[in-house]
Amino acid sequence: MPDIRPLLIFGASRGVGLELVRLECAAGRHVIAPVRPQSDATALEDTGAVILRGDALSRDDVTSVLARIIGDFDLVSTLGGQADDGRRADDEGNINVIEAAMATGRTRRFLLVTSIGCGEMAPFRSARAIAAFGAAVDAKTRAEERLKSSGLDWTILRPGGLVSEPATRRGILIQDPEMHGFIHRADVAQLAFRALRDPATIGRAFAVVDAQRMNSVNTIPPFLWHNRAFRHEYRHSHDHSYVATGWRFLLELRQHGHA
């Protein structure tokens, strides 16, 4: 079971990574949070995660961190950003983590958080998005490509525009290359938590959006969780019951001019 395996989260000091640390620790999982030597880890200190210092842009640092884990483990990376010397965690850092994970022979699941616009979504980016984020998204795509060729059991989540507000529980996973939208960081973390526990997400890349803040020309239905506990949770959540109706709800939104 994934819950009894340790979970490493690269990019855990802020954003989606920090939200996921909080969820996993609250669920009782043993979480290891590698953090750059110069990063502020204050927000992690009361989560229960084990904090290890290391820079993902250093392959030796990453290898050293993974060598300290006994037995099999799962791994999540939300790494991104650019160092002062121009090197990007989006590609180089993530690729260091992927290749070090491959070398251990003990990585059971690898979940990579990138961005809408990566991979097969690239042709559908707007000129404005390319100008603002094109280099970062292209770098993330290089990391995705390495992960897909790694032989690991991988899942890729591509969030839309990120919002730092409490979770709405309206987040969906969808394999639609023309999907655009927004989503709260806390909702991305919740979906990552579930994806790690649903084997049906292995070998798949998903756009991740808020069901009320998404737009696409296609009518591709959202991912239906194979883990029945998550289906049940969707149906009975007080603020998210409409997601259980699946694509019918999204069609209704369009018919009423809300999507």
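This is a predicted model: local features need pLDDT of at least 70, side-chain atom pairs count only at pLDDT 80 or more; totals for chains, interfaces and linings use all residues.
Residues are numbered from 1 along each chain as its sequence is written, and side-chain values use heavy atoms, with hydrogens and water left out.

**Overall makeup**

The chain contains seven helices and 11 strands; helices (H or I, at least four residues) and strands (E, at least two) are DSSP runs, numbered from the N terminus. Of its 259 residues, 52% count as buried, where buried means under 20% relative accessible area, exposed means over 50%, and partly exposed lies in between (1.4 Å probe, protein chains only). The accessible surface of the chain comes to about 11800 Å², and 51% of that surface belongs to carbon and sulfur atoms; these areas come from the Shrake-Rupley method with a 1.4 Å probe, and for residues only the protein chains shown count as cover. Among contacts in the chain (heavy atoms within 4.5 Å) between residues at least 6 apart in sequence, 71% join residues at least 24 apart.

**The two sheets**

Strands are taken to pair if DSSP finds at least two bridges between them. Eight strands form an open sheet of mixed pairing, in the order 3-2-1-4-5-6-10-8, and its edge strands, each pairing on one side only, are strand 3 (50-53) and strand 8 (171-174). From one strand to the next, the twist averages 25 degrees; angles run from 0 to 180 degrees between N-to-C directions, and axes are lines fitted to C-alpha atoms, for helices over the stretch in contact. Helix 2 (residues 59-67) packs on this sheet, touching strand 1, strand 2, strand 3 and strand 4 (73-77), and its direction makes about 160 degrees with that of strand 1.

| Strand pair | Sense | Bridges |
|---|---|---|
| Strand 2 and strand 3 | parallel | four bridges |
| Strand 8 and strand 10 | antiparallel | four bridges |
| Strand 7 and strand 9 (residues 180-184) | parallel | three bridges |

Individual residues illustrate these pairings: Ala33 stands opposite Ile51 in strand 3, and the bridge partner of Leu162 in strand 9 is Ile183.

In soluble globular proteins, nonpolar side chains tend to be buried together. A nonpolar core is here a set of buried Ala, Val, Leu, Ile, Met, Phe, Trp, Tyr and Cys residues joined through side-chain atoms within 4.5 Å. The largest such core has 32 residues, and those with the most contacts inside it are Ile9, Val21, Leu44, Leu111 and Leu173. Elements giving two or more residues to this core include strand 1 (7-10), helix 1 (15-26), strand 5 (107-113) and helix 5 (185-195), and helix 5 supplies the largest share, six residues. Apart from this core lies another, of 25 residues, among them Phe10, Val97, Ile98 and Leu112.

Helix 5 is mostly covered, with 10 of its 11 residues buried; Asp187, Gln190 and Arg194 are among the buried residues. Leu111, not counting residues up to four places away in sequence, touches residues including Leu75, Leu157, Ala192, Ala195 and Leu196.

**Two loop residues**

Leu196 lies in the loop between helix 5 and strand 10 and is buried, with a relative accessible area of 2%. The C-alpha atoms of Leu196 and Arg109 are separated by 7.2 Å, although the two residues are 87 residues apart along the chain.

Ser150 is found in the loop between helix 4 (127-148) and strand 6 (154-159), and it counts as buried because its relative accessibility is 12%. The side chain of Ser150 reaches the backbone nitrogen of Leu152 at 3.1 Å. Leaving aside neighbours within four places in sequence, Ser150 is in contact with Ile98 and Met102.

Conventions. A polar contact is a pair of N or O atoms within 3.5 Å; within protein, one must be able to donate a hydrogen and the other to accept it, and residues adjacent in sequence count only if both atoms are side-chain atoms.
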